[in-house]
Structures are given as C-alpha cells and as structure tokens.
Amino acid sequence: MFATLLDQTLAVAQRIWLEQWRQGRGLIFWALFPALMMLLFGLVYAHNDSMRAGLDAMAAGVLMGAALFFSCLGGTVAILVAERERRTLRRLLASPLQPLAYFLGVVLAQSALAAMQVVMLYAIAYAIGARYHGSIALGALIILLSVFAYVGLGFFFGARFARRSEEVVVALSAFGVPLLVLGGTFFPLVLMPQAMQTVAHLNPILYMNEALKAVAAHGAGLTELRAELAFLVVFCILSLGLGVSSYRHLLRLERSA
Amino acid sequence: MLGIEGLHKRFGSQTVLDGLDLQVARGEIVGLLGPNGCGKSTTLNIVCGLLDADAGQVRIDGEPLSARTASRVGLCPQASALYRDLLPAENLEFFARLYGQGAMQRRKRVDYLMQRFELTAHAGTRVGRLSGGWQQRLNLAVALVHDPQLLVLDEPTAGVDVQARLALWGLIEEMRDGGMTIVLTTHQIQEAERLCSRVALMRSGRVAAVGSVTELLARVPAQAVAVLQTRDEAATTRHAKALGWSVRPHAGQLLCLLPKACSLREVVQALDGGEVSSVSLQPVTLEHAYLELLGQPLEG
C-alpha cells in the first residue's frame with residue numbers, strides 16, 4: 001500500500017519535472033523573475049548606505065515573495081488547470097492513481113523547484129553582499145512550511161476558481177502582487193501607514209517573510225520565533241487541508257462532467 | 001464479459017439513463033449508436049468507474065464494479081488525453097507506472113505498444129507536435145498499457161482525417177481479431193457497420209434495439225431506399241403509398257422504403273414525374289434502420 005503510494009507519488013513528480021524541463025522557456029521565466037528582482041532590489045539596498053543593513057532581510061523577502069509564491073502557488077494552479085484542459089485528469093481518474101499520491105507528487109515536484117530557487121537566489125544575494133546569519137535547519141523548516149502552504153493554496157485556487165490557463169496569470173497578478181506588497185516582501189512593514197500595517201497582519205505571507213527574515217538577517221532562534229512558527233504550522237495545515245478538500249471537489253466535478 | 005442492467009442516471013432534473021440494459025460477450029465489439037445526449041458517454045463513464053449510477057448494476061465477468069474490475073478496463077477518451085510535452089513512450093511509461101508495473105515489465109509493454117501502433121517512427125517527437133491521427137493512435141495505445149480485457153472507446157475516430165480513420169479502424173480490427181472485448185460509441189454509421197459485431201441503437205437513455213448490422217437492417221421492410229425531393233410533399237406521399245412504398249419524411253426529403261430491389265429508372269418511371277424534383281437510390285443502411293426502428297434521425 002505504502003510502496004504503491006510512494007511509487008505513484010514519484011511517478012507524478014517525475015512527470016511534472018520532465019514537463020517543466022521540456023518547457024524550457026517556462027523554467028527560465030521561473031528563474032529569471034526572482035533573479036531579476038533579487039538583483040534590482042539587492043543593488044538598490046547595497047547602493048544606499050542607509051538601506052544596506054536591510055540587504056540580508058531583503059533576500060529572504062524576495063525568496064518568499066517573488067520566487068516561492070509564483071512557482072509553488074502559481075505553478076500548482078497552472079498544473080491543475082493544464083490537467084483539466086488536456087483532459088488528462090479524466091484519464092488519471094480512470095487509473096488506479098490514488099488522489100493522495102497525486103497531491104504529494106505535486107508537492108514534491110514543487111518542493112524540488114523551490115529548492116533550486118533557494119540555491120539560485122542565495123547565490124545571487126551572496127554575490128551582492130547579503131549574508132545569512134541564522135540556523136540553516138530553521139530556515140529550511142520555514143521555507144518547507146511555506147512551500148506546503150503555497151501548494152495547498154494552489155490546489156484551492158486551481159480547483160475552485162481557475163478554469164483556463166489564461167486566467168492563471170491574471171488571477172495571480174490581481175490577487176498575488178497586492179498580497180506580496182502587504183506581506184512585506186519588497187518593503188519593510190515599518191514603511192507602511194498604520195492602517196496598512198493592521199491589514200498586513202492578517203496576511204499569512206507576512207509571517208512567512210518575518211520568520212525567514214528574522215532567521216536570515218538576525219540569527220533568530222526557535223524560541224524567539226515561537227509565535228511565527230506556530231502561526232506557520234497552523235496555516236500550513238489549514239492550507240493543505242483546504243487543498244486536499246478542493247482537489248476532492250475537483251475530482252467530483254470532473255467525474256460528473 | 002460486461003453486463004449492464006437497469007442503469008439509471010440523472011443530472012439535476014435531466015434523466016440521462018433510463019433503465020439501460022446491455023450484455024456484451026467476450027470478444028465482441030458492441031457499438032453504442034445514437035444522437036447527442038442519448039446517454040452513450042454517460043454509459044461508458046459508468047463502466048469505467050468515472051461516474052456512479054443512481055440505480056442499476058454494471059458487472060464485469062460477473063463482478064460488480066470495484067477497483068479490481070477497474071484494472072480490467074481500458075478507457076480511450078474522445079479527445080486525446082495526453083501530456084503534450086512528453087514523448088509518446090514517456091506518456092505510455094507514466095500510465096504504465098500508475099498501474100503498478102515494474103520497470104522491466106513497463107519497458108517491455110511500452111516497446112510492444114510503440115511497435116504495434118507504429119509509433120517508433122515518431123519516438124523522438126513530442127506528443128503536442130504529432131498530427132491528430134498519431135495522437136489518437138497514442139491515445140488508444142495508452143488505453144491498452146495495462147493489458148485490459150475490456151476496452152472502452154469514446155468516439156475513437158472523431159476529428160481525424162480519412163487516412164488516419166482507416167488506420168485506426170485497422171488497429172481496432174486487429175484487437176478484435178486478438179479476442180479483445182470492445183465497447184465503443186460512434187456517430188458514424190460506416191464505423192459501426194465496419195467494426196461492430198453488434199450495434200445498440202440508443203434513444204433517451206435506453207437501448208431501443210440491439211443486434212448485428214445484418215439483423216438490424218433486416219428489420220427495415222425495404223430492399224432499397226429512394227430519396228425524393230418534392231415540391232408537393234402530400235401529393236408525392238400519396239403517390240408513393242399508392243405504389244406500396246412506405247414513406248418517411250426526413251430532413252426536408254421523403255425516404256421511400258422500396259419493398260423490392262429496383263433500378264433508378266424504374267423508380268423514376270413509377271413516380272411518373274409529378275412534383276418530384278430529384279431522386280436518388282440508396283442501399284438500406286444503419287441510418288435507415290435507426291430512423292425506421294426508433295422513429296427519429298440519428299443526428300437528432
């Protein structure tokens with residue numbers, strides 16, 4: 001039973017990797033966008049003496065926002081929409097593929113993509129002058145929780161709302177970019193008016209950003225980040241739950257289509 | 001092999017299947033023929049386990065549908081449901097893996113299907129760059145990846161050109177000759193006539209008539225069909241009936257069922273001009289059988 005689940009999970013993940021590899025241009029865009037954001041913001045921070053202190057935190061923000069948000073959340077939505085458009089979802093439904101294996105396969109594929117983005121972005125950040133000060137294990141845990149949460153949300157949006165591939169980019173821009181700005185991805189929270197800060201505290205991306213920034217830039221440890229980590233764990237569980245239930249909903253819809 | 005009894009399915013207020021019964025013996029090709037919305041695809045979806053019936057039973061080799069019976073069924077959907085950025089063998093390999101085949105078994109099966117469906121010549125081409133006909137071949141090959149006993153084909157040649165259609169018919173005939181049991185839906189009379197050992201004519205979610213093509217044609221009381229275009233339908237109908245022909249109005253024309261074979265010249269002479277503007281003579285086909293037995297055209 002477990003062996004079947006594992007093999008099917010790997011089969012789904014490998015298929016997604018192979019497709020992403022073949023869609024060379026898509027893969028380049030996944031790399032290009034966060035790399036450019038890191039370069040541009042990094043150079044701005046490094047150039048201004050008053051802002052240089054924020055360089056280490058900025059790298060964490062760009063990773064959480066410009067990279068993982070679009071690849072793990074947007075990428076998951078795109079995978080689901082493509083399965084529906086190509087009608088492969090019906091074929092998968094007629095096969096013995098376990099729904100959990102499909103879900104885990106997408107999580108695994110997106111996690112690998114995220115890992116590559118982490119390595120790439122921190123290499124650029126290091127070249128610009130940013131340094132990582134905290135525990136790598138803790139940073140990895142925060143990133144992993146964030147990836148799971150983003151993929152869960154991707155399943156939610158992909159299964160419940162997005163119907164066509166054209167809608168994915170528009171929806172991500174419309175809802176995603178404001179969430180990123182409000183999540184402190186590009187500007188520190190202190191620069192925002194009080195009302196915006198209040199709203200920002202309702203945004204889960206803020207907690208991902210703040211947690212990773214605290215570890216990366218200030219070397220914060222587990223005890224100092226208890227509140228953020230607790231929030232992240234709860235949010236991650238909620239997102240994955242929402243994702244699983246949305247995927248089941250999508251399968252029901254597809255069966256009756 | 002496949003037994004369907006009293007199948008009912010509703011979508012909201014719409015009844016799609018209304019007590020459908022059908023038995024399919026091992027090694028048969030049975031075609032479901034009927035107009036859009038008559039329940040053909042819904043029947044196939046239930047057989048493949050994609051949909052649950054509201055009532056009734058589907059049995060495969062006497063067993064109710066379950067995960068075990070599902071592995072004996074291969075589905076070939078109407079549109080080619082394939083991963084367009086993968087190569088043909090990669091598509092086959094992926095689905096074979098989902099069916100739990102080990103690496104060696106997979107490789108053998110993929111090689112066999114690539115050769116049998118003559119896909120080796122396109123082995124290095126991404127699926128999205130293959131023509132519709134080749135994609136449909138691969139679509140069919142994927143349905144066979146786990147060596148099913150029952151193959152379900154939803155309009156297997158819809159949207160492909162004539163050459164590809166003939167090639168696909170040849171492949172389906174090979175499978176039939178190899179003893180595979182096949183249930184297919186089609187809109188094409190020619191396809192049903194060529195491939196099917198029996199045809200189930202469907203109307204309003206039921207099988208209205210079932211039999212071999214010869215049996216169904218024998219139920220049409222005619223040796224040939226004269227298709228008339230007339231300026232005065234009522235007068236021509238009276239005239240034809242007086243000649244002992246059965247007349248069926250259809251798509252702005254009159255179909256006259258001729259009780260004995262005769263030439264076009266004889267038909268024209270018998271009609272004696274009148275208001276008839278054109279006459280053509282056709283052999284009796286499944287389309288006429290459908291019209292005669294069900295009282296409505298296939299494309300309705």
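Let me start with Val183(B), which, leaving aside its neighbours within four places in sequence, is in contact with Leu2(B), Val24(B), Val30(B), Leu32(B), Leu44(B), Val47(B) and Val152(B), where contact means that C-beta atoms, placed from the backbone, lie within 7 Å. This is a predicted model, in which local features need pLDDT of at least 70 and side-chain atom pairs count only at pLDDT 80 or more, while totals for chains, interfaces and linings use all residues. Residues are numbered from 1 along each chain as its sequence is written, and chains are lettered from A, with ligands numbered from 1, in the order in which they are written.

Val183(B) belongs to the largest nonpolar core, of 150 residues, and is named with Ala59(A), Val62(A) and Val152(B) as touching the most other members. Such a core is a set of buried Ala, Val, Leu, Ile, Met, Phe, Trp, Tyr and Cys residues joined through C-beta atoms within 7 Å, buried meaning that 20 or more other C-beta atoms lie within 10 Å of the residue's own. Its largest share, 19 residues, comes from helix α3 (residues 55–85) of chain A, helices being DSSP runs of H or I with at least four residues and strands runs of E with at least two, numbered from the N terminus.

Turning to the sheet, chain B has an open one of 4 strands in the order β2-β1-β4-β5, with antiparallel pairing, and a pair requires at least two DSSP bridges. Strands β2 (14–24) and β5 (63–64) of chain B stand at the edges with a single partner each, so one side of each is left without a neighbour in the sheet.

Conventions:
Buried ≥ 20, exposed ≤ 12 C-beta atoms within 10 Å, placed from the backbone. Contact = placed C-beta atoms within 7 Å.
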